[in-house]
Amino acid sequence: MIVGAAVLPHPPLLVPELVAGAAGRTEPVRAACLDAGRRLLGRAARWVAVAADPSGPRTVDPATAGTFAGFGVDVPVTLGPGAAEPDVELPLPALVAGWLRGRVGAESVRVELVPPDLPADECRRVGADLAAGPEPVGLLVLGDGSARHPDRAPGRPDPRAPEYDGRVRDALATADASALLALDVAVAAELVVGGRAAWQVLAGAALADGRRWRAELLYSDAPFGVGYHVAVWDPVD
């Protein structure tokens, strides 16, 4: 059973040790992510994270450790107590989930990775399966917006990126699950939207839960040419 959700991006720049020269510029999005994590912890100490990754479908269990060494600095993370030797190939979303867990003090996080091209109806099914679980858990939803914003885009700029991320922002700000499910899969791929599948899993979980949800948008911007959205969703009991 999902008792709350936190939505955030998963760029390496969230980890201060990886961006020593730009820690100040990255602080606003980092602070919003930590705020979202603390709010989710207020709902549940055990989390399930969902993100898109080419290695999916795959489950990364809480007895897993990793390191950001592949991103330049050996910052170790664990997904829960009793983690084994670090997995040096742990995907970035799992690393960020472990980093956030450690920073806010959550007990554990299990990471569910889905393929980036998973169709919307399959994303909805995954979300429904998560909502049907008997254990109360917090849902951590990890994913970036478009990487093609006209200003400072790391990839080829696309004028459609701001409008697409605007639709995502509005849906997250109002807990509009139907709007998230309506996001176009093909356009998301063209705009290099990393979070589309994870957001649609969130939508599936919220709709399957059956309750009304309230949302608060904590951050939405594209400071480095990539859309970053941070929000929290809570069920209206």
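The model is predicted, and residues are numbered from 1 along each chain as its sequence is written; local features need pLDDT of at least 70, side-chain atom pairs count only at pLDDT 80 or more, and totals for chains, interfaces and linings use all residues. Side-chain values use heavy atoms, with hydrogens and water left out.

Two nonpolar cores are described here. A nonpolar core is a set of buried Ala, Val, Leu, Ile, Met, Phe, Trp, Tyr and Cys residues joined through side-chain atoms within 4.5 Å. Buried means under 20% relative accessible area, exposed over 50%, and partly exposed in between, with a 1.4 Å probe and protein chains only. The largest nonpolar core holds 44 residues, and Phe68, Val111 and Leu140 have the most contacts inside it. Two or more residues each are given to this core by β1 (2–8), α1 (23–43), β2 (46–52), α2 (92–104), β7 (108–114), β8 (137–142) and β10 (228–235). Of these elements, α2 supplies the largest share, eight residues. Helices (H or I, at least four residues) and strands (E, at least two) are DSSP runs, numbered from the N terminus. In soluble globular proteins, nonpolar side chains tend to be buried together.

Strand β7 contains Val111. Six of the seven residues of β7 are buried, so the strand is largely enclosed by the rest of the structure. Val111 itself is buried, with a relative accessible area of 0%. Contact means heavy atoms within 4.5 Å. Leaving aside neighbours within four places in sequence, Val111 is in contact with Ala49, Arg58, Thr59, Val60, Leu79, Ala94 and Ala97. Val111 and Val48 are 63 residues apart in sequence, yet their C-alpha atoms are 5.8 Å apart in space.

Two strands pair if DSSP finds at least two bridges between them. Seven bridges link β2 and β7 in the parallel sense, and Ala51 stands opposite Leu113 in β7. Strand β3 (residues 58–60) runs antiparallel to β7 and is joined to it by three bridges; the bridge partner of Thr59 in β7 is Glu112. Strand β2 also pairs with β8, in the parallel sense, over four bridges. Here Val50 has Val141 in β8 as its bridge partner. Like β7, strand β2 is mostly covered, with six of its seven residues buried.

Strand β4 (residues 65–67) runs parallel to β6 and is joined to it by two bridges, and the partner of Gly66 in β6 is Asp87.

Helix α1 has 21 residues, which at 1.5 Å a residue should span 30 Å; the end C-alpha atoms are 29 Å apart, which agrees. The expected span is 1.5 Å times one less than the number of residues in the helix. A kink of about 35° in α1 is centred on Val29. The bend at a residue is the angle between axes fitted to the seven residues ending there and the seven starting there. Among the buried residues of α1 are Val29, Ala32, Cys33, Ala36 and Leu40. The buried residues of this helix pack against β1, β2, α2, β8, β9 (213–221) and β10.

Two loop residues complete the account. Thr64 lies in the loop between β3 and β4 and, at 13% relative accessibility, counts as buried. Not counting residues up to four places away in sequence, Thr64 touches Thr78, Leu79, Gly80, Ala83 and Leu90. Asp158 lies in the loop between β8 and α4 (161–174) and is buried, with a relative accessible area of 8%.
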